[in-house]
Amino acid sequence: MSRAQVFARQARGILTRTGGYLSGYSHTLQPYSGCEFSCAYCYVRQMAVQRANPHGLPWSRWISPKLNAPQLLARAARRGALARTRIFCGSVTDPYTPIERKLRLTRGCLEVLAGATPGPDALVLQTRSPLALRDVDLLRRIPQAGLSLSIATDDDALRRRFEPNAPGIRLRIKALGALRAAGIPTQAALAPLLPCNPQRLAELLEPVADRIVVDDFHQGDGAGGRRSTAALRMLRESGHGAWAEPGYTAEALRVFRSVLGEARVVESQAGFNDTSWLAGGR
């Protein structure tokens, strides 16, 4: 259960220009800041957004809903500011953080995007929550919109150790399958890939994901593994030391490609910035 304190606020803006890791997108959209999921491997813990947080609380102990997020996005839509945008929603804070069930700020933003003319050229929502399935009606109305769902392992006991407040693996896989069946382009984000049975995980994902993107603790944290020190230590202490070393994804990638095919398996930064998968599933 989430132990995060809630600090609601009125934001001054809602679309932020991207750069660096998300070079394939023009803007990020964050209806919330902070975190409720407390994933041990999260690189954001060591980023400036955490060090500069105004609440003096550890990462995952505070969540700040931007109560006017849909209104700010609607204002941008009226100005025509959504034209030719490529939006990534959830680069720092999960758009389906648990408090979204009550506040519905992400849904409010999707309502704006579904009715915007012109709307964005691309929209990707990155989450680890099956709550995304609630919004399938709106996602179907947004051209070039897709859902990327984090599924880092097939081992739920390991998931509880590294993602103690996040939904179970089977619930995520079921949600991803339902979204794909509804015509929504789907991606499974194995980022970072945790210890798993690659064959079993590939077989679970094959019918539910249009593609998978695989990352490790060294490339994906943007600092060569320096932001993932605590998670790397947990891996070594739990007997999974080989999964803490650079290049550990190589064998899993071979298995994933043998099950899903070359075209459906992509890696790291290039994979996250390639949005060609959004053209499928409609």
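1. Pro192 is located in the loop that runs between strand 9 (186–190) and helix 8 (198–205). The peptide bond leading from Ala191 into Pro192 is cis, with omega near 0°. The model is a predicted one, and the points below should be read accordingly.

2. A cis peptide bond also joins Thr117 and Pro118, where omega is about 0°. Pro118 belongs to the loop between helix 4 (105–115) and strand 7 (122–127).

3. Two non-glycine residues with positive phi deserve a remark. Ser60, in the loop between helix 1 (48–51) and strand 5, has a phi of about 85°. Ser60 has a relative accessible area of 8% and is therefore buried. Gln144, in the loop between helix 5 (136–139) and strand 8 (145–150), has a phi of about 60°. With a relative accessible area of 33%, Gln144 is partly exposed.

4. The largest nonpolar core contains 74 residues, of which Leu193, Ile212 and Phe256 touch the most other members. Beyond its neighbours within four places in sequence, Phe256 is in contact with Leu190, Leu193, Pro198, Leu201, Ala202, Ile212, Val214, Gly261 and Val265.

5. An open sheet of 3 strands shows mixed pairing in the order 1-5-4. Its edges are strand 1 (5–6) and strand 4 (32–34), each of which pairs on one side only. Strand 4 runs antiparallel to strand 5 (residues 62–65), with 3 bridges between them; Ser33 is placed opposite Ser64 of strand 5.

Technical notes. Residues are numbered from 1 along each chain as its sequence is written. This is a predicted model: local features need pLDDT of at least 70, side-chain atom pairs count only at pLDDT 80 or more; totals for chains, interfaces and linings use all residues. Side-chain values use heavy atoms; hydrogens and water are left out. Two strands pair if DSSP finds at least two bridges between them. Helices (H or I, at least four residues) and strands (E, at least two) are DSSP runs, numbered from the N terminus. A nonpolar core is a set of buried Ala, Val, Leu, Ile, Met, Phe, Trp, Tyr and Cys residues joined through side-chain atoms within 4.5 Å. Buried means under 20% relative accessible area, exposed over 50%, partly exposed in between (1.4 Å probe, protein chains only). Contact means heavy atoms within 4.5 Å.
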